[in-house]
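User: Could you walk me through this model with a few questions and answers? I would like to see how each answer is reached.

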Amino acid sequence: MTTTNRGRLLLKNSLIYVLLAIGSLVMLVPFFWMLSTSLKESYQVFTWPPKWIPDPIKWSNYKTAFTSLPFGQWFNNTIIITVLSIVGAVLSCVIVSYGFARFKARGRSFLFILTLATMMLPDTVTMIPKFYMFTKFGWINTFYPLIVPLFFGKAYFIFLLRQFFMSIPADLEEAAKIDGASTFGILWRVILPLTVPAIVTITIFQFNDSWKDFMQPILYLSKPELYTLTLGINFFKSQNNVQWNYLMAASMVTMLPSLLFYFIGQKYFVESITLTGMKG
Amino acid sequence: MESAATGREPIARKRRRLTKAERKEERTFYLLTGPWLLGLLIFFAIPMIASLWISLNQWDMLTPAKFVGLKNYNTAFNHDPLFWQSLKVTALYSVFSVPLGLVASLLLSLLLNQAVRGMRLFRTIFYLPAVVSGVSVMVLWMWIFNPQIGLLNTILGYFGIAGPGWIFDPKWALPSMVIMSLWSTVGGSVIIWLAGLKGIPPSLYEAAELDGAGGWQKFKNVTIPMLTPTIFFNLVMGIIGAMQTFGEAYVMTKGGPMNSTLFFNFYLFDHAFQNFRMGYASALAWVLFLLILALTAFVVKSSAAWVYYEGERN
């Protein structure tokens with residue numbers, strides 16, 4: 001390798017790092033701004049020019065944010081809804097997509113295409129009839145409208161899991177079948193252990209969908225004690241005298257579980273996207 | 001994958017009685033997919049038909065509905081300037097945010113695809129906004145857009161530039177939304193681009209190099225054609241997503257100032273749950289649905305001309 005070549009490589013790498021650093025700054029500075037605001041004294045929030053590092057650092061803002069408004073309660077509500085939604089989505093989608101992947105029946109392709117087609121349907125088309133239906137069920141101001149539908153499955157996850165199941169060779173199941181295992185026995189003991197990455201992925205996706213859901217909570221939860229975090233933050237923001245330091249603290253805490261979930265599942269998650277990626 | 005039965009297929013196509021084993025398999029299929037088929041009926045099919053019917057009525061959900069035929073659609077197209085305004089806002093937003101997002105995320109993924117140390121960390125950083133997205137990000141950006149002491153105008157101030165009023169200025173409100181959407185969605189698309197880039201066989205680049213292709217030529221003649229399926233996917237998903245923007249308007253601007261961020265779905269929602277004009281809102285929902293269908297169909301149809309699938313060569 002000649003010196004000019006090495007010089008060019010060095011130059012190229014430096015350029016890459018410079019660009020990466022600028023980009024990272026753009027991505028990270030808003031978060032830093034948020035953190036910084038969340039730790040300021042209320043009177044410091046509006047001082048000009050703004051201080052990047054608050055002095056003093058008021059950690060107690062986080063406590064205030066969570067005690068002055070029922071953020072703790074809203075946190076709990078969101079966790080209940082999210083956990084039950086994940087349970088429902090994983091249970092139903094694993095079973096349904098296993099059916100689509102492994103069992104032949106008349107009408108199967110049609111039903112599968114229909115399933116994919118529902119992904120194109122804007123939520124607003126079914127929103128009003130569903131709202132009316134849940135009203136008739138007496139489900140307004142309960143968590144049911146946010147949870148129960150997931151126990152029936154979700155098109156995107158069914159698609160994802162079906163792709164995944166189809167990449168698993170059928171030999172294992174044949175062997176288990178010869179040993180006399182039932183369909184559910186095979187699914188549970190043979191297939192599921194191989195499907196962990198895909199299940200982690202849909203768990204993360206559903207976590208995100210439920211945790212960040214906004215339109216549905218607006219529709220179905222109007223009592224403050226039933227609010228989810230998104231509603232709570234929006235409520236907090238709509239008050240006349242917005243206290244940005246507390247609001248930023250609350251938003252920060254709302255974001256943390258998403259980050260945590262992402263870091264735990266990162267490996268599986270990227271793997272599954274790559275696998276089911278758009279290979280045409 | 002599905003060819004286990006190919007051996008007997010030719011006769012089987014004709015209406016033939018299923019064997020016992022096949023009937024059992026079919027029963028198992030319907031047993032397993034049953035919950036979802038029921039869900040399709042309860043949460044999609046019936047509400048869809050109901051919604052279409054409601055769109056032909058005048059209905060406030062409290063008193064009985066009154067059939068009015070196509071009046072709601074007529075009102076929207078001929079007598080409601082805000083309908084057109086909301087379409088315009090949504091279209092403008094989509095036209096800018098989707099292509100800009102595609103280009104920005106593609107360039108970024110080329111950068112993040114380089115083999116240098118610490119790349120994992122950088123990929124994570126760029127993905128962070130996508131991870132946390134939602135109402136908390138919107139609230140954060142309201143604070144960033146604050147004209148007096150927000151982050152953007154503070155930084156512009158360091159350079160002696162007096163920044164605009166962002167979401168409080170009718171001229172800047174929609175561009176502000178585009179900026180925010182770039183920040184928060186680029187990382188998500190990057191993951192998909194990276195998967196696409198990984199799928200390009202190195203042999204293609206080697207062959208191009210042998211032919212004397214430079215960096216730009218390799219990009220133009222190998223990378224881009226091989227990525228067209230990914231472009232296609234990102235484009236379709238981007239359009240469907242952008243057309244349904246809702247939270248930004250609801251949380252940040254309430255459609256203002258001066259209706260400059262009156263997103264279609266927000267306008268629809270307002271009619272349904274503020275004015276209780278369920279018929280009109282349903283008509284709007286169907287207009288949006290048909291628009292999305294038409295656009296997607298257009299992209300799908302045109303894709304034959306510009307999307308290249310590796311498998312098609314054989």
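User: Happy to start with confidence: what ipTM does the predictor give the complex?
Analyst: Good place to begin, since this is a predicted model. The predictor gives the complex a pTM of 0.88. Its ipTM is 0.88.

User: Over which residues of chain B is the pLDDT below 50?
Analyst: Chain B averages a pLDDT of 89, and 93% of the residues score at least 70. One stretch of chain B falls below 50, and beyond near neighbours in sequence it has two contacts in the model. That stretch is residues 1-9 of chain B.

User: How far apart do the C-alpha centres of domain 1 and domain 2 of chain B lie?
Analyst: The assignment divides chain B into domain 1, residues 19-67, and domain 2, residues 74-313. Between the C-alpha centres of these two domains of chain B the distance is 32 Å.

User: Which element supplies the largest share of the side of domain 1 of chain B that touches domain 2 of chain B?
Analyst: The contact takes nine residues from domain 1 of chain B and seven residues from domain 2 of chain B. On the domain 1 side, helix H2 (20-54) and strand S1 (57-58) of chain B each supply at least two residues. By class, that side has four nonpolar, four polar and one charged residues. The largest share, three residues, comes from H2(B).

User: And in chain A, how many residues does the contact take from domain 1?
Analyst: Chain A is assigned a domain 1 (3-60) and a domain 2 (67-276), with C-alpha centres 34 Å apart. The side of domain 1 of chain A that touches domain 2 of chain A divides into three nonpolar, three polar and one charged. From domain 2 of chain A the contact takes seven residues, and from domain 1 of chain A it takes seven residues.

User: Turning to the two chains, which element gives the largest share of the side of chain B that touches chain A?
Analyst: The contact between the chains takes 73 residues from chain B and 69 residues from chain A. The chain B side divides into 52 nonpolar, 18 polar and three charged residues. Its largest share is 20 residues, and these come from H2(B).

User: Within chain B, are H8(B) and H10(B) roughly parallel or roughly antiparallel?
Analyst: Helix H8 (residues 173-198) and helix H10 (residues 215-243) of chain B have axes that come within 9 Å and cross at roughly 160 degrees. Angles over 145 degrees count as roughly antiparallel. Therefore, H8(B) and H10(B) are roughly antiparallel.

User: Which residues of H10(B) meet H8(B), and is the crossing left-handed or right-handed?
Analyst: From H8(B), Ser189(B), Ile192(B), Trp193(B) and Gly196(B) meet Leu227(B), Thr230(B), Phe233(B) and Asn234(B) of H10(B). The residues in this contact of H8(B) with H10(B) divide into four nonpolar, four polar and no charged. As for handedness, H8(B) passes H10(B) in a crossing that is right-handed.

User: How many nonpolar residues are in the contact of H5(A) with H13(B)?
Analyst: H5(A) brings Thr124(A), Val125(A) and Ile128(A), and they meet residues of H13(B) including Met278(B), Ala285(B), Trp286(B) and Phe289(B). The contact of H5(A) with H13(B) has no charged residues and two polar ones, and its nonpolar residues number eight.

User: Where in chain B is there a cis peptide bond, and what is its omega?
Analyst: Most peptide bonds are trans. A cis bond joins Gly256(B) and Pro257(B), and Pro257(B) lies in the loop between helix H11 (247-253) and helix H12 (264-273) of chain B. Its omega is about -10 degrees.

User: What omega does the cis peptide bond of Asp55(A) and Pro56(A) have?
Analyst: Pro56(A) lies in the loop between helix H1 (3-38) and helix H2 (60-68) of chain A. For the bond that joins Asp55(A) to Pro56(A), omega is about 5 degrees.

User: Last one: what phi does Met61(B) have?
Analyst: Most residues other than glycine have a negative phi. Met61(B) lies in the loop between S1 and strand S2 (66-67) of chain B. Although Met61(B) is not a glycine, its phi is positive, at about 75 degrees.

Conventions:
Residues are numbered from 1 along each chain as its sequence is written. Chains are lettered from A and ligands numbered from 1 in the order in which they are written. This is a predicted model: local features need pLDDT of at least 70, side-chain atom pairs count only at pLDDT 80 or more; totals for chains, interfaces and linings use all residues. Domain bounds come from an automatic or database domain assignment. Helices (H or I, at least four residues) and strands (E, at least two) are DSSP runs, numbered from the N terminus. Ala, Val, Leu, Ile, Met, Phe, Trp, Tyr, Cys and Pro count as nonpolar, Asp, Glu, Lys and Arg as charged, and the others, Gly among them, as polar. pLDDT is the predictor's confidence in each residue, from 0 to 100. Axes are lines fitted to C-alpha atoms, for helices over the stretch in contact, and angles run from 0 to 180 degrees between N-to-C directions. Angles under 35 degrees count as roughly parallel, over 145 as roughly antiparallel, 65 to 115 as roughly perpendicular and the rest as oblique. A crossing is left-handed if the near helix is turned anticlockwise from the far one by less than a right angle, and right-handed if clockwise.
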